[in-house]
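Welcome! Please take a moment to look over the sequence and the model below, and then we will walk through a few of its parts together.

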Amino acid sequence: MATTTLGIIMNGITGRMGYRQHLVRSILAIRQQGGVVLSDGSRVQVDPILVGRNAEKVAEIAQRHGVARWTTDLGEALANAEDTIYFDAQLTSVREESILAAIAAGKHVYTEKPISEGVGGALRLARAATEAGVKNGVVHDKLYLPGLLKLKRLIDSGYFGRILSVRGEFGYWVFEGDWQPAQRPSWNYRAEDGGGIMTDMFCHWNYVIENLFGRIEAVTAKAVTHIPERWDEQGRRYDATADDAAYGIFEVEGGVIVQLISSWAVRVHRDELVEFQVDGTEGSAVAGLFNCVAQHRSTTPKPVWNPDLPETQRYRDQWQAVPDNGTFDNGFKAQWEEFLRYVVGDGEHTYDFLAGARGVRLAEAGLASSAKGQRIALEEIAL
Ligand SMILES: NC(=O)c1ccc[n+]([C@@H]2O[C@H](COP(=O)([O-])OP(=O)(O)OC[C@H]3O[C@@H](n4cnc5c(N)ncnc54)[C@H](O)[C@@H]3O)[C@@H](O)[C@H]2O)c1
């Protein structure tokens, strides 16, 4: 069967996400496996060109992974007609300009979230891509996590009956950087560099909620900076000007209430770094990155509140594991494969710039809710 090759301009591959998840775990893994198999049995192979500001770093990565093509000049890369896809995992604050240049050059675009720093910019990108007729997609990685795929399976089977509420927590302790180095880049903690956990995580929560539970109709949120000073990659003290915790209540069409805590200032007493509990009339489930457990109405125990007696029930043992029933690939890679098939006209990929704009809009509404101390109603947005 024939193999076609797609040239992919990859920008931001020296970064944490760009390098590990997108280059190594996705594009190089796809190249290694001989490309993506299409429904007619033919294959699409990938041929990346790496773009970055620091020639030494980019050249070193290219050499380490046997990538023949790299450059520090985005304009030059965009000028090559053979490279039909532009990918962006740069810092959020510099993304919009690069994507606009890629659209102007007629490239299909796939990007990390948030697609832009504000909803105005996000919609500008969505409109530009639509007008140019280029295919566009935004990373929706959490939907491809095994735990969430199993949760989706439960939802699709009707397991929950009527879903009542969702309660979730994402987070862990991110070291301040003084006596132990921080495990996340320092820009995340500076508002002026596009940081902030609400901007970061509400983009994810928007697509998780709308794809699993329904459209978000209103948000009430509080963004807080619990840790006011941190130390950067060079060991210099800086003021943490961005929020490191985001508390949100999301009202979803049909009456589902979703409450999510996102925090880089909590210590983990959970089985996984993200967990969602879904309660419905017929059953409940708790899903994390990998695992999902469920408890049906018929097997629900009857706890009785009695402060005089020590707890005798082992509540965690009363849940049943939802089986894998298959193998799960890396989520970033799975979405890349879907996007590549979509680019060559083989299947759909619905997570487009407009979906990305809804994510940015939720973050903006969350910040507005926090600043004003108000519930913010969300209208549907269109191009
Ligand atoms: N999908 C997810 O789960 C997820 C997780 C973390 C981060 N992200 C997103 O990925 C993006 C990158 O985050 P990261 O954690 O990898 O950050 P990072 O700081 O590790 O990497 C940032 C990249 O952008 C480049 N860059 C930095 N400043 C630049 C500038 N002024 N001009 C051009 N390039 C510049 C860097 O060289 C690097 O390649 C962000 O938009 C972030 O929101 C997504």
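What span should the 14 residues of H5 cover at 1.5 Å a residue? The answer is 20 Å, and the end C-alpha atoms of H5 are 20 Å apart, which agrees. Keep in mind as you read that this is a predicted model.

**Helix H5 and its partner**

H5 runs over residues 119–132. Its buried residues are Val-119, Gly-121, Ala-122, Leu-123, Leu-125, Ala-126, Ala-128 and Ala-129. The cover over them includes helix H4 (95–104), strand E7 (136–138) and H9. After H5 comes Gly-133, with a positive phi near 70°.

Let us look at H9 next. Two packed helices are described by the angle between their axes and the distance between the axes. For H5 and H9 (residues 353–372), the angle is about 175° and the axes lie 8 Å apart. Angles over 145 degrees count as roughly antiparallel, so H5 is roughly antiparallel to H9. On the H5 side, the residues that meet H9 are Val-119, Ala-122, Leu-123, Leu-125, Ala-126 and Ala-129. On the H9 side they are Phe-353, Leu-354, Ala-357, Val-360, Arg-361 and Glu-364. Sorted by class, this contact has 10 nonpolar, no polar and 2 charged residues.

**Helix H6**

H6 covers residues 146–157, which makes 12 residues. From first C-alpha to last it reaches 17 Å, close to the 16 Å expected at 1.5 Å a residue. Buried in H6 are Pro-146, Gly-147, Leu-148, Lys-150, Leu-151, Leu-154 and Ile-155. Among the elements that cover them are helix H7 (197–212) and the strands E8 (163–171), E14 (274–280), E15 (283–287) and E16 (292–296). Just after H6, Gly-158 has a positive phi of about 85°.

| Residue | Relative accessible area |
|---|---|
| Cys-203 | 5% |
| Cys-292 | 2% |
| His-349 | 3% |

How many disulfides does the model have? The count comes to 0.

Where is His-349 found? It is in the loop between helix H8 (331–343) and H9. Leaving aside neighbours within four places in sequence, His-349 is in contact with Tyr-110, Gly-137, Val-138, Gln-335, Glu-338, Phe-339 and Tyr-342. Take Val-138 as one of these: His-349 and Val-138 are 211 residues apart in sequence, and their C-alpha atoms are 9.7 Å apart in space.

Notes. Residues numbered from 1 in each chain as written. Predicted model: local features only at pLDDT ≥ 70, side-chain atom pairs only at ≥ 80, totals over all residues. Heavy atoms only, no water. Axes fitted to C-alpha atoms, helices over the stretch in contact; angles between N-to-C directions. Helix = DSSP H or I, 4+ residues; strand = E, 2+ residues; numbered from the N terminus. Parallel < 35°, antiparallel > 145°, perpendicular 65-115°, else oblique. Contact = heavy atoms within 4.5 Å. Nonpolar A, V, L, I, M, F, W, Y, C, P; charged D, E, K, R; others polar. Disulfide = S-S within 2.5 Å. Buried < 20%, exposed > 50% of the residue type's maximum accessible area, 1.4 Å probe, protein only. Expected span 1.5 Å × (residues − 1).
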